[in-house]
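Q: Got a model open here and want to talk through some strands, a helix and the charged pairs. Can you take me through them?

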Amino acid sequence: MERAFLAVAVALFGMSLANAQTDVLIEIDRGRTEGLFTKVPVFQRAILSKPATPTETAVLFFRGYPGIARIQSVADKQRNLLPFMRMNQKIFREEGIALVIMDCPTDQWGVRGPDPTSCLDDYRSSKAHADDVRSIIARLRDEHGISKIYVLGHSFGTISSRWLAKNLGNEITGSIHSAAMNVANPRANGYSLIGFAYGTIAAPTLHVHNEDDACRGTPYSTVKEYAGENLVTVRGGVPEGDPCGATHLHSYRGREELVVRSIISWIKTGKVDRLIGE
């Protein structure tokens, strides 16, 4: 009996280790300052969630609106993962993929409030944004052994994911654009994506979109026109609350796990699940 109990305990311990993860705050001094008189150092931050088993693959996640994570510690991870990612982050861990929650650099945090005053199109489309993200990629490579980098943006975050896919070229392994913005909102956020030149992206791309996405700024029809065979069409779900929010089809309510597994399948095999959720 004792041996059987010990065997079960060892097995459970092994399973817990396999499913464990370590959250690490990455903080990089970008060598510039903000403020006319205070000259405060600018930091680029991210939170790395590493699976217990060493991995060479990471997904850099750029959150939706308002797009600024305001990371100060690893305790800021959960609130910056949208429900479809938060509910299924364990799948990344189980599949041996590191998940990196990205922030804007501190000089792009702007004024705190419901509407972002900084980290907008001008920055996200810039060489400076690509360089700031490069600093995170270099840290992942040099200190954590991660060499395969995917960028994943959702909604507002696809301003970053698409411009980074263009500006980083083959420095990344691929890019994923979820519920992509293609219509600028009343504050002109997203204007830089109108007529975006997808032919300038070097690494493989994946587009994910619910065919009944009701958010004004993220019409499915536009994505279908340019995504071609690289589109995962999500069918069905539960539409509740704000059409552009986390509880609607825009963020895959009712289809969350299917979406995450489809993204991971593409990362691992290159295969596109053309239709999920039937």
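A: Start with β4. Both of its faces are covered: A98, V100 and M102 on one side and L99 and I101 on the other are all buried. Buried means under 20% relative accessible area, exposed over 50%, partly exposed in between, with a 1.4 Å probe and protein chains only. Strands here are DSSP E runs of at least two residues, helices H or I runs of at least four, numbered from the N terminus.

Q: What kind of model is this, and how are residues numbered?
A: This is a predicted model: local features need pLDDT of at least 70, side-chain atom pairs count only at pLDDT 80 or more, and totals for chains, interfaces and linings use all residues. Residues are numbered from 1 along each chain as its sequence is written, and side-chain values use heavy atoms, leaving out hydrogens and water.

Q: Back to β4. How many of its residues are buried?
A: 5 of its 5 residues, 98–102.

Q: Which way does β2 run against β4?
A: Antiparallel, with 4 bridges joining them. L48 has V100 as its bridge partner in β4. Strands pair if DSSP finds at least two bridges between them.

Q: And β3?
A: β3 (residues 57–62) runs parallel to β4, also joined by 4 bridges. There, V59 is partnered by L99.

Q: Switching to α7. Which of its residues are buried?
A: Y220, V223 and A227, in a helix spanning 220–227. They sit on the same side of α7 because they cover an arc of only 65° around the axis. That arc is taken from the directions from the helix axis to the C-beta atoms.

Q: What covers them?
A: The cover includes β7 (205–210) and β8 (231–234). Contact means heavy atoms within 4.5 Å.

Q: What happens just after α7?
A: G228 takes a positive phi of about 60°.

Q: Now charges. How many salt bridges?
A: 19. Each is a side-chain nitrogen of Lys or Arg within 4 Å of a carboxyl oxygen of Asp or Glu.
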